[in-house]
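Please examine the protein shown below and follow its chain through a few selected places.

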Amino acid sequence: MADFGLAVDPLVLGAGVLVVLGVLTAALAERIRMPALLLFLGLGMLVGDDGLGLTSLDDPEVAQTAGVLALLVILFEGGLTTRASDLRRAAAPGFLMATLGVVLTAGTVAAGVLLLTDLEVTTALLLGAVVSSTDAAAVFTVVRRSPLPRRITSLLEVESGANDPMAVLLTVSVLEAWRLDPAPADLVVFGLTQLGGGAFAGLVVGGVAVQLLRRAPLGAATLYAIFALGAAGAAYGLAAWFGASGFLAVYVCGLLVGLYVPRHRRTIRAFHQALAGLAEIGLFLLLGLLVFPSELPGVTLPAIGITAVLVVLARPLAVHVCMGWYLLTRRWHPRELALVSWAGLRGAVPIVLATFPLTQAYPQGAFIFNTIFFVVLVSTALQGSSIGGFARLLGLREEVTVWAPIAEFLPVDDPDLDVIEVEVADDMPIADATIRQRPLPDGFRVVAIVREGRTLVPRGDTTMHPGDRIVITTATDPSNNDRIVSWATGQPA
């Protein structure tokens, strides 16, 4: 009996140790101001075949499947935590950069590859397509912690959440052209189906999920978070079922749930933030395991050349073409576009897309994967670690504020009572006003104010200071969130 064991035991042990090391690596990255994803990749390479040899992964299909699943979790969490104000501010330029910008980047990189190397056209096009999109995992983790102006962060988040489908479309189109030689009309139909179908699937599944999450009594609070995760999977599956982009569908679904399910938003967001953190650690460790560091020196020169073309030419060109109207009308300043150009981070998405040529047995598949991996390493190390300094150099550095919704519904056992918490910000009309000066809507009552760790019992002449957390009670009603946000911001519901 002493020798009894399960075949999965070593796998569980290894996974647990790697997760613990990943978390410690993330903490170290925070202390030394280095992008955590760079250290995750390094840790994966360290424990892999060419390093300590503690574990092995040589199946690109396994890595591709796991990578796609991890990206879906990260994209869904990105949609959940996108503010409505950010979406309104950045939707038009963000989606323009997510479509036209990706095409311009891919074309410029491919042209640079043809000029700098003797690679054939298909390989150059694949390299351009694979590296054409910014990365949601990198942007959501690096940019949100960097001291950037809010509208620049909003633009980068919307772009990175929406541009993966176009990069997938370009990569798959080049591979299909190599395999089957389709007609141009077929590629156009494929592209429209990917984008339009993905958005439609996200809207349908997200809309249904919002209604059920708002109305269905699921019981335990954690079930609402699990339901939201199931909705993300359904959005991806529906989109994939009719040949559309599951990535875009998941992001759109997350946007709807994050915006229109206020009552359970705290639980849903906390659950998916933790899940996305785990997915990020696992994804970059996995991709680090897949690469063989001994093969990277052979692609050093072309990878450095591609990185230079991407950072110095392709990304700035795409940004200035897509944002040219905003520049001409002086809605955006040239310094802001320079910062947007520098903050076009590459990460997991290009590496996952680089597994596509491998799984399709493209002759230069291994070269493309190693080259893109090297490009991501250089881009992340160079850009990811210098965004804050570059923002300071341009005079655009701002203090980082952690995003939080204006009104949070607190869990209570009474189904007929809503307990809402509002954190007072400097720019709210209620800041430095008394409760009597800013009366609440009918049916709402302030029961407590939490200030610097102390709980105050408020009166009519109690002043609401920035940083206060105001606890409000009212009878349960679907319109409560809109009414209390309108009161706190002074804007119509």
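In this predicted model, helix 13 has a kink of about 40°, centred on Leu 310. The helix runs over residues 300–322, 23 residues in total. From its first C-alpha to its last it reaches 31 Å, which is close to the 33 Å expected at 1.5 Å a residue. Leu 310, where the kink is centred, is one of the buried residues of helix 13.

The whole protein may now be considered. Its secondary structure consists of 19 helices and seven strands. The protein has 493 residues, and 51% of them count as buried. Its accessible surface comes to about 22,200 Å², of which 63% belongs to carbon and sulfur atoms.

Gly 197 lies in helix 9, which covers residues 184–215. Is Gly 197 buried or exposed? Its relative accessibility is 10%, and because the limit for a buried residue is under 20%, Gly 197 counts as buried. When residues up to four places away in sequence are set aside, Gly 197 touches Leu 192, Phe 242 and Ala 244. The C-alpha atoms of Gly 197 and Ala 249 are separated by 8.1 Å, although these residues are 52 residues apart along the chain.

Gly 243 is placed in the loop between helix 10 (221–241) and helix 11 (246–260). At 31% relative accessibility, Gly 243 counts as partly exposed. Apart from its neighbours within four places in sequence, Gly 243 is in contact with Thr 193 and Gln 194. Gly 243 is also 10.0 Å from Leu 195, C-alpha to C-alpha, while the two are 48 residues apart in sequence.

The axes of helix 16 and helix 17 come within 8 Å and cross at roughly 170°. Angles over 145 degrees count as roughly antiparallel, and helix 16 and helix 17 are therefore roughly antiparallel to each other. Which residues meet between these two helices? From helix 16 they include Pro 350, Ile 351, Ala 354 and Leu 358, and from helix 17 they include Gly 365, Ile 368, Phe 369, Ile 372 and Val 376.

The loop between helix 16 (348–359) and helix 17 (365–384) contains Ala 361. Most residues other than glycine have a negative phi. The phi of Ala 361, however, is near 60°, a positive value in a residue other than glycine. Ala 361 is exposed, with a relative accessible area of 60%.

A positive phi is also found at Asp 432, a residue other than glycine whose phi is near 65°. Asp 432 is located in the loop between strand 2 (417–423) and strand 3 (433–434). With a relative accessible area of 53%, Asp 432 is exposed.

Met 428 is found in the loop between strand 2 and strand 3 too. Is Met 428 buried or exposed? Met 428 is buried, with a relative accessible area of 10%. The C-alpha atoms of Met 428 and Ala 488 are separated by 6.3 Å, and these residues are 60 residues apart along the chain.

Thr 434 belongs to strand 3. At 15% relative accessibility, Thr 434 counts as buried. Not counting residues up to four places away in sequence, Thr 434 touches Gly 460, Asp 461, Thr 462, Thr 463 and Met 464.

How values were computed: Residues are numbered from 1 along each chain as its sequence is written. This is a predicted model: local features need pLDDT of at least 70, side-chain atom pairs count only at pLDDT 80 or more; totals for chains, interfaces and linings use all residues. Side-chain values use heavy atoms; hydrogens and water are left out. Helices (H or I, at least four residues) and strands (E, at least two) are DSSP runs, numbered from the N terminus. Buried means under 20% relative accessible area, exposed over 50%, partly exposed in between (1.4 Å probe, protein chains only). Contact means heavy atoms within 4.5 Å. The expected span of a helix is 1.5 Å times one less than its number of residues. The bend at a residue is the angle between axes fitted to the seven residues ending there and the seven starting there. Accessible areas come from the Shrake-Rupley method with a 1.4 Å probe; for residues, only the protein chains shown count as cover. Axes are lines fitted to C-alpha atoms, for helices over the stretch in contact, and angles run from 0 to 180 degrees between N-to-C directions. Angles under 35 degrees count as roughly parallel, over 145 as roughly antiparallel, 65 to 115 as roughly perpendicular and the rest as oblique.
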